[in-house]
Amino acid sequence: MTPEEKLKIEDKVVEMLRTVYDPEIPVDIYSLGLVYNVDLTDDGELNVDMTLTAPNCPMADYILEDVRMKLESIDGVKKVNVRIVFEPEWNQDMMSEEAKLELGLL
């Protein structure tokens with residue numbers, strides 16, 4: 001995979017992550033700052049480290065499945081590994097300015 005192809009796929013990954021929402025919050029998981037790391041290997045394996053707004057999030061399975069299905073649909077991605085991490089602990093400071101504005105925090 002060329003660097004240009006890799007960059008194009010990584011852009012598509014971010015685009016897809018921006019379509020995943022926690023049903024209880026009207027902001028996508030990427031803008032919320034829930035995605036900590038996205039790593040695409042040269043052989044098409046995509047590793048994503050993300051968190052949830054709370055460790056006991058009742059929508060965790062739904063969100064994870066949505067992330068996995070959308071990322072697996074991207075041309076060039078052969079395998080998707082989504083890992084839930086709780087370090088560092090998520091907080092509102094990790095949200096984008098747009099997300100804070102949307103949620104009335106600015």
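Is Asp66 buried or exposed, and what is its relative accessible area? I shall begin with that residue and then widen the view to the chain. Asp66 is buried, because its relative accessible area is 12%, where buried means under 20% relative accessible area, exposed over 50%, and partly exposed in between, with a 1.4 Å probe and protein chains only.

Before going further, a word on the source. This is a predicted model, in which local features need pLDDT of at least 70 and side-chain atom pairs count only at pLDDT 80 or more, while totals for chains, interfaces and linings use all residues. Residues are numbered from 1 along each chain as its sequence is written, and side-chain values use heavy atoms, with hydrogens and water left out.

Asp66 is found in helix H2; helices (H or I, at least four residues) and strands (E, at least two) are DSSP runs, numbered from the N terminus. Leaving aside residues up to four places away in sequence, Asp66 touches Thr19, Val20 and Tyr21, a contact being heavy atoms within 4.5 Å. Asp66 also forms a salt bridge with Lys70, with the closest N and O atoms 3.5 Å apart. By salt bridge I mean a side-chain nitrogen of Lys or Arg within 4 Å of a carboxyl oxygen of Asp or Glu. Asp66 and Lys70 are four residues apart in helix H2, so about one helical turn separates them. In general, an α-helix has 3.6 residues a turn, so residues three or four places apart point the same way. Lys70, for its part, is partly exposed, with a relative accessible area of 22%.

Now to the helix itself. Helix H2 covers residues 60-72, and at 1.5 Å a residue its 13 residues should span 18 Å; the end C-alpha atoms are 18 Å apart, which agrees. The expected span here is 1.5 Å times one less than the number of residues. Which residues of H2 are buried? They are Ala60, Ile63, Leu64, Asp66, Val67 and Leu71. These residues cover an arc of only 160° around the axis, and therefore lie on the same side of H2; the arc is that of the directions from the helix axis to the C-beta atoms. The buried residues of H2 pack against helix H1 (3-17), strand E2 (45-50) and strand E3 (79-84).

Asp49 is buried, with a relative accessible area of 16%, whereas Arg83 counts as partly exposed at 48% relative accessibility.

Another is found in helix H1. There, Lys12 forms a salt bridge with Glu15, and the closest N and O atoms are 3.3 Å apart. These two residues are three residues apart in helix H1, so about one helical turn separates them. Lys12 counts as partly exposed at 32% relative accessibility, and Glu15 counts as partly exposed at 46%.

Let me now describe the chain overall. It contains three helices and three strands, and from the N terminus on the elements run α-β-β-α-β-α. For 106 residues, a compact globule would have a radius of gyration near 13 Å; the chain has 14 Å, which agrees. That radius is taken over C-alpha atoms, and the globule rule is 2.2 Å times the number of residues to the power 0.38. The C-alpha trace spans about 40 × 25 × 25 Å along its principal axes. Of the 106 residues, 37% count as buried. Among contacts between residues at least 6 apart in sequence, 62% join residues at least 24 apart.

Finally, two loops deserve mention. In the loop between E3 and helix H3 (97-102) we find Pro88, and a cis peptide bond joins Glu87 and Pro88, with omega about -5°. In the loop between H2 and E3 we find Asp75, which counts as exposed at 70% relative accessibility. Asp75 and Asp22 are 53 residues apart in sequence and 25 Å apart in space, C-alpha to C-alpha.
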